[in-house]
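I opened this entry to keep a record of what I looked up in the model, beginning with the terms I rely on and then moving through the helices.

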Amino acid sequence: MPADDDALFKKGLPIRRAVLGAEYVDASMAKADDFMMSFQRATTAIAWGWAWGDDTLSRKTRSLLNLAMLTALGKTPEIKLHVKGALNNGISVEEIKATLLHATAYCGIPAGLDAFKAAHEVLTAEGALKPKEAAAEKPKKKAKK
C-alpha cells in the first residue's frame, strides 16, 4: 500500500470503529488472511479515511446517504451494518424510516421492502424498536344452543 494510502488507513480506522463498532471492525481485521486484508486496508483507507474522513459532511448525513445508496443497490447485509452505524451516529428511528421511505420512492417497492425488513431486524435487535406483541387471544364465545 502506498504511503498516502497508509495515512488514509490510519485516519480511517478510528472512524470505521466509531461508526460500525470496534468489535465488528476488529473481528473483520482479525479473521482476514493476506488476500482479504488487501480489501480491509482498501476499504478502510478509501471509504473511511478518504470519504468519511472528509469533514464537509457530518457523520449523520453520511449515514443517511449510505442507507439510501445501499437501498438503491439492494445490498441488504450492508444496510444492516449501516443501520447500526446510523444509530451509533445519533440518527433516530424516525430519520432512518424517512430515509428509507425516500429511497423507496426513487428505488422502487421491492428495494424499499428489503431495506425496511433489514432495518427493522437491526432496530429491533438493538432495542431501538420494541417488538410488536401478539394480540391477546380473545375469549371464545360459547355457541348458543
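I call a residue buried when its relative accessible area is under 20%, exposed when it is over 50%, and partly exposed in between, with a 1.4 Å probe and protein chains only. I note that this is a predicted model, in which local features need pLDDT of at least 70 and side-chain atom pairs count only at pLDDT 80 or more, while totals for chains, interfaces and linings use all residues. Residues are numbered from 1 along each chain as its sequence is written, and side-chain values use heavy atoms, with hydrogens and water left out.

**Entry 1**

I looked up threonine 43, which lies in helix 3 (residues 34–51); helices here are DSSP runs of H or I with at least four residues, strands are runs of E with at least two, and both are numbered from the N terminus. Threonine 43 has a relative accessible area of 18% and is therefore buried. Setting aside neighbours within four places in sequence, I found threonine 43 in contact with Arg16 and Trp48, where contact means heavy atoms within 4.5 Å. I also noted 8.9 Å between the C-alpha atoms of threonine 43 and glycine 12, which are 31 residues apart along the chain.

Glycine 49 lies in helix 3 as well, and it counts as buried because its relative accessibility is 0%. Which residues does glycine 49 contact, leaving aside its neighbours within four places in sequence? I listed Leu8, Lys11, Gly12, Thr44 and Asp54.

**Entry 2: the chain as a whole**

I counted seven helices and zero strands in the protein chain. Of its 145 residues, 32% count as buried. Among contacts with a separation of 6 or more, 65% come from residues 24 or more positions apart.

**Entry 3: helix 6 with helix 7**

Helix 6 (residues 93–107) and helix 7 (residues 109–125) pack at about 165°, with their axes 7 Å apart. I took axes as lines fitted to C-alpha atoms, for helices over the stretch in contact, with angles running from 0 to 180 degrees between N-to-C directions. The angle makes helix 6 roughly antiparallel to helix 7; the cut-offs are under 35 degrees for roughly parallel, over 145 for roughly antiparallel, 65 to 115 for roughly perpendicular, and oblique for the rest. The residues that make this contact include Ile96, Leu100 and Thr104 of helix 6 and Gly112, Ala115 and Phe116 of helix 7. By class, I recorded eleven nonpolar, two polar and one charged residues in the contact of helix 6 with helix 7, counting Ala, Val, Leu, Ile, Met, Phe, Trp, Tyr, Cys and Pro as nonpolar, Asp, Glu, Lys and Arg as charged, and the others, Gly among them, as polar.

**Entry 4: helix 4 with helix 6**

Helix 4 (residues 59–73) packs with helix 6 at an angle of about 35°, and their axes are 9 Å apart. On the helix 4 side I noted Leu64, Leu67 and Ala68 among the residues that meet helix 6, whose own residues there include Ile96, Leu100 and Ala103. The contact of helix 4 with helix 6 has eight nonpolar, two polar and two charged residues.

**Entry 5: helix 5**

I checked the length of helix 5 (residues 76–88): its 13 residues should span 18 Å at 1.5 Å a residue, and its end C-alpha atoms are 19 Å apart, which agrees. The expected span is 1.5 Å times one less than the number of residues. The buried residues of helix 5 are Ile79, Leu81, His82, Val83, Gly85 and Ala86. Glycine 90 follows helix 5 and has a positive phi, near 85°.

Helix 5 and helix 7 pack at about 50°, with their axes 9 Å apart, and they are therefore oblique to each other. Ile79 and Val83 are among the residues of helix 5 that meet helix 7, where Ala115, Ala118 and Ala119 are among the partners. I recorded eight nonpolar, one polar and four charged residues in the contact of helix 5 with helix 7.
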